[in-house]
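Subject: Structure handover

Hello,

Here is the structure I said I would pass on. My notes on it follow below the model.

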Amino acid sequence: MYDSRVLRLRAAEEPKHIQEIHPWRNQGKGMVRVKRDWIIPPIRVLENSKQVPENLVQIKSDKIFTGEVIYKLEGPGVDQAPKNFFEIDDKTGMIRSKRPLDREKYSSFTLKAFALSPSGERLENPTTIEIVVLDQNDNRPAFTQKQFTGAVSEFSVPGTSVMSVTATDADDPTTENAFLSYSIIGQESIPANAVTKTMFGINNETGTIYTRDVGLDREVVKTFKLKLQVADMGGMGLTSEGVAIIHVSDINNHAPQFSPNSYKMTAVENRRNYEIGRVNVTDIDDRGTGNWEARYFISNDPYRNFAITTDAATNQGILMVVQPLDYEAQIEYTLILAVENINPLSSKAPNLPVSTATVLVTVVNENEAPRFREDPIQIAVPESVAPGTLLKSNIAFDPDNSDLRYEISRDPERWLEINRNTGEITARRSFNMRSQHVRNNIYAAIVKVTDAGGVSTTATVAITLTEINDFPPHLFPLSGTVCRDTRRVISGLVLTAEDDDLPPQAAPFIFEMPLDVSVNWTVIQVNDTHAVLQPLVELEDGQYAVTVMVSDSGSPPFSAYSQINVTVCLCDAFGDCKSEAGAVFASSVGISFIALIIIMASIALLLLLLLLAVVVTSCGRRHHIKKGTGLLVGDSEDDIRDNVLNYNEQGGGEEDENAFNIDLLWSPLDAPTTPTSYYPASGVPRGKQPVRKDAPHNLPSPTYPRRPPADPTDIEDYISDGLEAADKDPNVPPYDTALIYDYEGEGSLSGSLSSIASGSSDGDQDYDYLNDWGPRFQKLANMYDPR
């Protein structure tokens with residue numbers, strides 16, 4: 001078991017004697033479990049020691065070993081940062097300091113000591129060793145700022161706190177080495193030597209600076225510079241110096257004063273918002289602050305013709321005219337000005353009256369422009385005012401009482417005249433409210449007046465026109481239809497009234513029937529502008545002329561008679577007369593019946609002439625084909641019907657040539673009175689229609705060309721058109737069948753195609769042109785080849 005004694009060692013008290021301590025002890029022959037470690041007191045080492053290396057303490061193990069004991073030391077200051085401050089003799093257990101210690105950097109070290117066998121086996125549990133560095137007064141105190149700045153109001157009472165200064169000391173704050181004391185060792189005033197007595201004191205423990213005496217006046221001394229000192233060891237140790245700047249702040253203890261207090265100024269009449277002069281004040285308070293800045297007042301300006309402001313840079317008062325002055329009304333103005341500071345005056349200021357100044361303002365006359373008595377000049381007249389009527393007089397005057405000249409500078413309708421000397425405005429001619437220059441019943445013109453000095457001004461003339469009843473109303477439509485049905489129910493004709501006048505000279509309108517025509521007809525008022533004209537009795541179909549009177553609401557009212565042409569008839573579902581005559585008479589397009597008859601006759605004549613031209617053209621095409629000009633030659637001018645009708649493809653190759661020849665060379669003279677057909681290729685019995693499977697049945701056939709061309713060169717197009725029509729015909733027989741031909745007329749002079757009749761023999765004609773008609777006519781060309 002370990003011994004329970006507590007070993008205490010003060011290295012600082014016994015620097016020459018190194019005590020040996022036994023942190024480990026054994027009991028008995030064998031190793032026992034350690035229940036409690038020794039409590040070792042801290043080892044105190046003085047900082048900045050010059051005796052290095054210095055033995056601090058020696059440790060020993062009390063256990064009996066057969067072999068050698070090796071001592072080791074670990075921790076900050078040995079093998080951990082900061083390193084190399086301490087070491088231990090591994091054989092003797094002596095702990096030494098290797099170099100001087102600095103408490104301000106490292107105030108203590110905590111190490112662990114070990115007892116080991118030569119083989120490195122731990123013989124004892126590690127023991128903690130605490131090394132405390134003792135402080136020395138090796139640091140001077142220092143102020144936290146190079147210069148402290150504060151302010152105090154002037155005339156502050158003694159004991160007023162101004163500011164606080166602070167200092168620090170790196171030594172141990174728990175010792176006298178860091179116990180600080182403050183003091184003021186010097187005082188300077190700005191300006192220099194303005195004050196000789198000590199004005200400030202300082203608390204030596206807290207560093208608070210305070211006022212010590214009366215008489216702080218910013219106007220005398222603006223700033224104080226204090227020289228400070230701080231010392232440790234309660235003022236007996238190391239010292240440092242510092243500076244404190246104290247500004248004396250201003251209070252408003254001086255009122256502004258006018259200098260001088262009497263002024264004379266001039267102002268030109270009829271001008272506004274311009275400066276006429278400045279006034280000066282003095283104030284010895286701090287410049288640029290509210291204690292110095294002045295605020296001016298005018299005490300006797302009931303009409304507010306003047307205003308005064310402050311120049312922020314100079315503190316002068318700027319006097320201005322804000323309303324135009326009139327020389328003819330008042331020549332001079334005497335103004336009383338007062339001044340004060342922006343900030344209220346301090347109670348410590350002298351009790352003086354408010355400073356005032358007198359300003360005499362003289363008004364300067366100038367040639368003023370003429371003035372209109374009103375602008376715009378308001379005039380209200382009826383639109384039908386008689387020319388020469390006086391509309392307005394005495395419209396302007398001149399403040400300088402000079403002669404005036406008047407003129408009209410704008411009058412787009414030239415409705416006005418003005419007397420050049422008197423300015424009387426008269427009407428040149430009547431007005432018209434429907435003019436494009438009249439807006440909202442107001443016509444605007446501009447008049448100009450000029451005085452003897454050439455100064456002029458203009459004004460607007462606003463003429464409000466009142467509507468008069470100068471147009472009668474009129475009705476529309478003036479014609480229409482009144483329908484009746486089979487039950488003899490009669491409808492009516494809606495009439496509308498219009499008036500070129502404007503309200504209130506127009507609607508509402510009154511519709512009436514004259515007494516002499518009110519037997520069979522009546523008019524029923526619908527609203528202010530519409531009425532319905534209806535018969536009172538059952539009338540026969542026909543046209544009736546009905547007279548209707550309409551009156552407006554003007555003062556006096558105007559009336560007008562209108563004759564309405566009414567057609568009574570039976571009408572269809574659309575309200576139109578069923579008979580043509582009724583439709584003509586009921587038409588409201590404004591065309592009379594006689595004019596309509598003339599138009600219809602003209603159209604009929606044009607159609608007749610067009611038909612005659614077609615007939616003449618058709619007759620001209622019937623001519624005999626001369627030699628070298630055509631193929632078909634005949635003397636008859638009778639209508640020759642189609643010799644070749646629609647046909648389809650005849651197949652390809654020579655096998656179909658027989659059928660082709662039979663169908664193509666068929667003379668009209670051989671044709672029976674009913675259509676016949678021949679089907680050599682299909683085998684269909686004669687008299688039965690073959691069926692096409694490639695087209696629907698019972699559809700209408702296209703229109704085939706019925707008349708051959710007069711010019712032989714058109715035969716190719718003629719036959720091509722027939723082919724195209726047959727191709728599109730769904731009711732023709734299928735391919736490779738005989739075509740069905742229609743009745744081709746009787747008495748043809750040409751006979752069959754195999755022996756075409758002509759006025760001359762074949763030798764008299766040249767058929768070479770058949771070769772130019774294409775492959776479809778090649779067979780026919782070969783037949784007439786003279787070779």
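The accessible areas in this email come from the Shrake-Rupley method with a 1.4 Å probe. By that method, the chain has an accessible surface of about 45,200 Å², and carbon and sulfur atoms hold 52% of it. Please keep in mind that this is a predicted model.

Overall picture

The chain has 787 residues, of which 35% are buried. Its secondary structure consists of 44 strands and five helices. Among contacts with a separation of 6 or more, 66% are between residues 24 or more positions apart.

Confidence

The average pLDDT over the chain is 77, and 74% of the residues reach at least 70. Residues 1–17 stay under 50, and the model gives them 38 contacts beyond four places in sequence. Residues 580–591 are also below 50 in pLDDT, with 15 contacts beyond near neighbours in sequence.

Nonpolar core

Which residues have the most contacts inside the largest nonpolar core? They are Leu 391, Ile 395, Phe 431, Val 447 and Ile 463, in a core of 26 residues. Strands E28 (377–382), E32 (416–418), E33 (425–427), E35 (442–450) and E36 (456–466) each give two or more residues to this core.

Helix H4

Helix H4 covers residues 715–727, which is 13 residues. From first C-alpha to last, H4 reaches 18 Å, close to the 18 Å expected at 1.5 Å a residue. The buried residues in H4 are Ile 715, Tyr 718, Ile 719, Gly 722, Leu 723, Ala 725 and Ala 726. Viewed down the axis of H4, these buried residues fall within an arc of 165°, so they line one face of the helix.

Backbone points to check

Most peptide bonds are trans, and most residues other than glycine have a negative phi.

- Ile 190 and Pro 191 are joined by a cis peptide bond, with omega about 5°. Pro 191 sits in the loop between strand E13 (181–190) and strand E14 (200–202).
- Ser 259 and Pro 260 are likewise joined by a cis peptide bond, with omega about 0°. Pro 260 is in the loop between strand E18 (257–258) and strand E19 (262–268).
- Phe 155, which is not a glycine, has a positive phi of about 65°. The loop that holds Phe 155 runs between strand E10 (147–153) and strand E11 (161–164). Phe 155 has a relative accessible area of 32%, so it counts as partly exposed.
- Asn 270 is not a glycine either, and its phi is positive at about 65°. Asn 270 belongs to the loop between E19 and strand E20 (274–279). With a relative accessibility of 27%, Asn 270 is partly exposed.

Ser 153 is part of strand E10. The C-alpha atoms of Ser 153 and Ile 251 are 6.9 Å apart, although 98 residues separate the two in sequence. Beyond four places in sequence, Ser 153 is in contact with Leu 216, Val 248, Ser 249 and Ile 251.

Ala 294 belongs to strand E22 (residues 294–298). Its relative accessibility is 1%, so Ala 294 counts as buried. Not counting residues up to four places away in sequence, Ala 294 touches Val 281, Thr 310, Asn 315, Val 339 and Glu 340. Ala 294 and Asn 343 lie 49 residues apart in sequence, with 9.1 Å between their C-alpha atoms.

Gly 235 is in the loop between strand E16 (223–231) and strand E17 (239–249). At 34% relative accessibility, Gly 235 is partly exposed. Between Gly 235 and Leu 180 the C-alpha distance is 6.4 Å, for a sequence separation of 55 residues.

Regards

Notes. Residues numbered from 1 in each chain as written. Predicted model: local features only at pLDDT ≥ 70, side-chain atom pairs only at ≥ 80, totals over all residues. Heavy atoms only, no water. Helix = DSSP H or I, 4+ residues; strand = E, 2+ residues; numbered from the N terminus. Buried < 20%, exposed > 50% of the residue type's maximum accessible area, 1.4 Å probe, protein only. Contact = heavy atoms within 4.5 Å. pLDDT = per-residue confidence, 0-100. Core = buried A, V, L, I, M, F, W, Y, C linked by side-chain atoms within 4.5 Å. Expected span 1.5 Å × (residues − 1). Arc of directions from axis to C-beta.
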